[in-house]
Amino acid sequence: QIIFRVMRPTHLRRDMTNMSCTRHEGTDVFLPHSHIISEWISRRLSLLDEGIYTCYVGTAIQAITNKVVLKVGVFLTPMMKYEKRNTNSFLICNVLSVYPRPIITWKMDNTPISENNMQETGSLGPFSINSTLNITGSNSSYECTIENSLLKQTWTGRWTMKDGLHKMQSEHVSLSCELVNDYFSPNQDFKVTWSRIESGISSILAYYLSSSQNTTFYESRFSWNKELKNQSDFSMNLTDLSLSDSGEYLCNISSDEYTLLTIHTVHVEPSQETASDNKGLWILVASLILVLCLIWLIWKVKCCTAQIEARRSRYPADGAQRGQPPMSTHDDNASDNAEENMVRHYFLYQTIYSIKMLL
């Protein structure tokens, strides 16, 4: 929508015999006597229509010439967006079409601050502008104001973060979000959107439009209190919490003049029953691993003992065949027993080390 403002409006009578309006670098435009100047300039305008217009009115008695300066302004309703990129959080004030260049100001706790980045497209206008601010204090409130000085229109976006909430699994949580009368007039249309932000992606939970009084839910466990909603309180209830419900929840209340963003952080912790069940399961798994390790140890010791017994019965015969004197039985047994004990201690150590690593 393109809106214009005439700096010096001209009022004309209906008894004119002829009337023409001439743009300084253009051609004459003649209007019949039944039209007034406001009807001619109410056509759809573009930025190219800006300039100084000379209006000539002639009657049988007199002629009047007047100059009119036409200024054209553009101001589509801006938006405030909240984005999370990795561990950093950002606020973006965006206006898709504006002319002339607007005045953009940022405040943190009502103290003016500078933006971190601004992107602008459209060299001659209308302009599309993104103003980005890095959120450095989660306990602070941020405000972005975009003003079109020509049209005397101002839009304000405000962001606040509530204290984090810690809930147990299967419980319910209530997240506050109220319409502030200081920003919204009683008869002003607005919309309310609740969404969840996860890994930089926003998923809508519910949507409310004041003009139609329609409410749309995208999550069955989500609900609004009807009585509170009639009092402009759009706090939400989320029931039967699960561990996956942990994250950030955003309430967005927007009109043509304001946007209010409220962030809640919810931490869902395992219930005592779940923790007890998990502990019992972990003990069962650890016991099973221990039994398997003991079985593996016994099997390895038996295998090594069998190998040693086989060497005992084979080495004396080999020595006799080569014509060597047989070794004494006492020395042979002592050597074999020492080797067997070494093997057993080695596998016992390996088993204990493996159990420690698994547990």
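The dialogue below turns to the pocket and then to the salt bridges.

Modeller: Please bear in mind that this is a predicted model.

Colleague: What is the volume of the largest pocket, and how many residues line the largest pocket?

Modeller: The largest pocket has a volume of about 630 Å³. Its lining comprises 28 residues. Those that lie nearest the centre are Met79, Met80, Lys191, Asn252 and Ser254.

Colleague: Which elements give two or more residues to that lining?

Modeller: They are strand 6 (79–85), strand 16 (191–198), strand 17 (201–209), strand 21 (247–254) and strand 22 (258–269). Strand 6 gives the most, with six residues.

Colleague: How is the lining of the largest pocket divided by class?

Modeller: The lining has 11 nonpolar residues, 11 polar residues and six charged residues.

Colleague: Let us proceed to the salt bridges. What is the general idea behind the pairing of side chains?

Modeller: Side chains that carry opposite charge can pair when their charged atoms come close. For a salt bridge, the cut-off is a nitrogen of Lys or Arg within 4 Å of a carboxyl oxygen of Asp or Glu. In this structure there are seven salt bridges.

Colleague: How far apart are the closest N and O atoms of Arg196 and Glu198, and is each residue buried or partly exposed?

Modeller: The closest N and O atoms of Arg196 and Glu198 are 3.8 Å apart, and the two residues form a salt bridge. Buried means under 20% relative accessible area. Arg196 has a relative accessible area of 12% and is therefore buried, whereas Glu198, with 44%, is partly exposed.

Colleague: Which residues are linked in a network of salt bridges?

Modeller: The network links Glu219, Arg221 and Asp245. Arg221 meets Glu219 in a salt bridge with an N to O distance of 3.2 Å. Arg221 also meets Asp245, here with an N to O distance of 2.9 Å.

Colleague: Where do Asp245 and Arg221 lie, and what does the pair tie together?

Modeller: Asp245 lies in the loop between strand 20 (236–238) and strand 21, and Arg221 lies in the loop between strand 18 (214–217) and strand 19 (222–224), so the pair ties together parts that are 24 residues apart in sequence.

Notes
Residues numbered from 1 in each chain as written. Predicted model: local features only at pLDDT ≥ 70, side-chain atom pairs only at ≥ 80, totals over all residues. Heavy atoms only, no water. 1 Å grid on protein atoms, 1.4 Å probe; cavity = no way out; pocket = protein on both sides within 12 Å on 5 of 7 lines; lining within 4 Å. Points joined across faces, edges and corners; volume = space filled by probe spheres on them. Helix = DSSP H or I, 4+ residues; strand = E, 2+ residues; numbered from the N terminus. Nonpolar A, V, L, I, M, F, W, Y, C, P; charged D, E, K, R; others polar. Salt bridge = Lys/Arg side-chain N within 4 Å of Asp/Glu carboxyl O. Buried < 20%, exposed > 50% of the residue type's maximum accessible area, 1.4 Å probe, protein only.
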